[in-house]
Amino acid sequence: MRKHLPLIIVLSVLTSIPAFAQLELGASYELRNEDPNSGFGVRVEKGFLDKIPVVNLGLRAHFSYFSDENKVSESGITYSADITNYDFGLALIGGLNVGLVEPYVGIGLGSETIDLQPKDFEGVSVEDENDSSIYWNGLIGAKVTIIPILKPFIEYRYSDTSIGEPSMDQFKDQTGRIIFGVSLSF
């Protein structure tokens, strides 16, 4: 329950503030520069200050999930492990509505969890590992409005966990990811 408390707070804030206007729900495919390399994400974004004609401001909650089996090296020993990585966060988004293309930038905070489930090898038992850390992220992207309700997007998100470094050495403190997805606007 403690692990999911920040997500519950974020979703409560997003659903309880009446000043928000437009709601966007999105799904994405994500590629990043560490193992596991690819994963999936979901996002919920609510716009506010909709009286400003060209500027879009919003608050976004996102969740990403990565899972893979790969080789892990630790203390000179290499073994196979199932790696599950998931993160969720909250970001403040600012963008421009300039026709068919809507460029945006954002900054936010989140939490990342890494689970390693090693497989037994050569009779040696290796224990499961679990680590969580807090990160900040910056993002830049663009949505394309094909029809008003459907918005494909591309985004680059940079994350830095140095404010709460994980103890697992094989994972990077700073990562970038390219995100491809589609949002539905209501």
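Two exercises with worked solutions follow.

The model is predicted: local features need pLDDT of at least 70, side-chain atom pairs count only at pLDDT 80 or more, and totals for chains, interfaces and linings use all residues. Residues are numbered from 1 along each chain as its sequence is written, and side-chain values use heavy atoms, with hydrogens and water left out.

**Exercise 1.** State whether threonine 145 is buried or exposed, and find the side chain with which its side chain makes a polar contact.

Solution. Start with the place: threonine 145 is in the loop between β6 (129–144) and β7 (150–160); strands are DSSP runs of E, at least two residues, numbered from the N terminus. Next, apply the cut-offs: buried means under 20% relative accessible area, exposed over 50%, partly exposed in between (1.4 Å probe, protein chains only). Threonine 145 has 16% relative accessibility, so it counts as buried. Finally, contact means heavy atoms within 4.5 Å. Beyond its neighbours within four places in sequence, threonine 145 is in contact with Leu100, Glu102, Leu150 and Lys151. The polar partner is the side chain of glutamate 102, at 2.9 Å. A polar contact is a pair of N or O atoms within 3.5 Å; within protein, one must be able to donate a hydrogen and the other to accept it, and residues adjacent in sequence count only if both atoms are side-chain atoms.

**Exercise 2.** Classify phenylalanine 63 and tyrosine 86 by accessibility.

Solution. With 29% relative accessibility, phenylalanine 63 counts as partly exposed. Tyrosine 86 has a relative accessible area of 12%, so it is buried.

Definitions and conventions:
Helices (H or I, at least four residues) and strands (E, at least two) are DSSP runs, numbered from the N terminus.
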